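Morning, everyone. Let's get this one up on the screen and go through it.

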Amino acid sequence: MTILTNRLGLTSKNSSKPPSSDPNRKKAPKEPGARKPGGQNGHIGTTLKPFPEPDLVKEIRVDRETLPPGNYQSTGYERRRIVDLDISLFATEWRAEILEDENGKRFVAPFPEDVARPVQYGIGVKAHAVYMSQYQLIPYNRIEDHFQDQMGIPVSAGSIHNFNKDASERLEFFESWGKSRLAESALVHSDETGIHIDIDGVRRWLHSVSNDSFTCFYPHAKRGCEAMDEMGILPKFQRTLCHDHWKPYFHYGGLHALCNARHLRELERAVEQGNQQWAAQMIVLLKAMNKATHEAGGRLEETESEQFRKRYRDLLREAELECPAPDETAKKKKGKTARSKARNLLERLDSERFGVKAPILSGASTMERQDPEALSTS
């Protein structure tokens with residue numbers, strides 16, 4: 001009953017569940033900030049401006065009958081413009097000239113290389129379909145409806161798939177270049193989530209590696225190192241890797257930054273479902289560490305940094321009393337004795353237990369690279 005109750009009590013604030021799954025979800029009101037509403041100083045706006053040349057000009061003449069008696073001459077116009085969208089089919093016909101000599105031998109002008117069929121889709125249709133599919137993430141059948149309803153162009157799901165495949169092949173060089181930029185970054189974030197991409201509903205895993213400029217997504221049947229190796233980024237990466245403490249990630253990178261957003265959710269769960277007071281204190285401390293680091297420009301002075309580290313270590317020692325490890329001497333089965341969610345979290349946060357540095361004072365805690373088998377996981 002307790003297990004079932006705890007599962008029902010999971011939300012986006014105390015677990016990895018998305019906010020859309022929260023029961024009776026309400027939009028929390030934002031606290032008024034220091035900035036005024038609207039565009040801020042230095043922001044480049046997108047105000048609608050007149051285009052250089054209009055496609056259609058409509059003149060409005062003054063009704064002379066409404067004017068008082070007198071002589072009038074035109075001195076110009078007052079202009080206003082409407083910017084609109086004209087969605088329509090646009091067909092281009094290529095005609096290759098045919099010549100015959102006196103013997104009846106025919107000579108046909110060659111068509112451009114990309115004009116290979118009697119009737120085919122143009123680059124505009126293909127680019128628009130790829131944009132809607134890959135950027136706007138619109139399902140294939142709705143893209144079909146869009147082309148048919150708005151332009152009278154029949155485009156099948158198979159054609160949209162082929163457009164995406166063609167675009168992917170054309171972007172192969174860019175993909176390779178983007179992966180190399182990620183592999184050379186000082187800091188990247190890596191994660192994975194379950195997806196369904198096949199008609200039969202077989203589960204796959206979508207892996208991601210990102211920094212502030214690039215994001216690479218890679219679907220694969222496996223969740224672990226096999227997929228990450230095939231993705232081709234993390235095996236070459238040697239700097240700081242931010243992740244959610246999942247064991248395979250410790251095979252890559254130099255330093256490891258553990259995501260404090262996830263820590264805060266798990267700590268919230270420990271408070272709500274386990275009444276763990278150390279977890280409530282840890283939430284306050286981690287937020288204070290993060291706030292102080294941002295206010296210091298991203299790096300604290302060594303004195304203040306060590307003060308936070310001491311508070312962190314002291315809190316972990318207090319947590320050991322409130323949330324002790326299970327008695328390993330009384331177990332009857334081989335292997336590690338089962339632990340509570342709160343205890344697993346505590347052991348992950350206690351980095352010095354494994355002979356590594358305590359968390360750095362930023363948005364994530366950091367460990368030096370270690371054998372992943374030596375680290376406790378939930």
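I'll take salt bridges, then cysteines, then loops and a surface patch.

Ground rules. This is a predicted model, so local features need pLDDT of at least 70, side-chain atom pairs count only at pLDDT 80 or more, and totals for chains, interfaces and linings use all residues. Residues are numbered from 1 along each chain as its sequence is written, and side-chain values use heavy atoms, with hydrogens and water left out.

Salt bridges. The criterion is a side-chain nitrogen of Lys or Arg within 4 Å of a carboxyl oxygen of Asp or Glu. How many salt bridges does a search of the whole structure find? The count is 19.

Take Arg223 and Glu192. Their closest N and O atoms are 2.9 Å apart. Arg223 sits in the loop between strand S5 (215-220) and helix H6 (225-231), and Glu192 in strand S3 (residues 187-196), so the pair ties together parts 31 residues apart in sequence. Helices (H or I, at least four residues) and strands (E, at least two) are DSSP runs, numbered from the N terminus. Glu192 is buried at 8% relative accessible area; Arg223 is partly exposed at 31%. Cut-offs: buried is under 20%, exposed is over 50%, partly exposed is in between, with a 1.4 Å probe and protein chains only.

Next, Asp244 and Arg262. That salt bridge is 3.8 Å, N to O. Asp244 is in the loop between strand S6 (240-243) and strand S7 (255-259), Arg262 is in helix H7, and so the pair ties together parts 18 residues apart in sequence. Asp244 is buried, at 17%. Arg262 is partly exposed, at 23%.

Cysteines. A disulfide here is a pair of cysteine sulfur atoms within 2.5 Å. The structure holds 0 of them. Cys259 has its nearest cysteine sulfur, that of Cys242, 5.3 Å away.

Loops. Which phi does Leu137 have? It is near 60 degrees, positive in a residue other than glycine. Leu137 lies between helix H2 (123-135) and helix H3 (140-151), and it is exposed at 65%. Asn275 also has a positive phi, about 55 degrees. Asn275 is in the loop between helix H7 (260-274) and helix H8 (277-295), exposed at 53%.

Last, the surface. Leu171, Phe173, Phe174 and Trp177 form a nonpolar patch, together about 470 Å² of accessible area. Patch residues have over 30% relative accessible area and no salt bridge; like charges are joined within 9 Å, nonpolar side chains (Val, Leu, Ile, Met, Phe, Trp, Tyr) within 5 Å. Areas are Shrake-Rupley with a 1.4 Å probe; for residues, only the protein chains shown count as cover. Trp177 is in helix H5 (residues 172-183), partly exposed at 36%.
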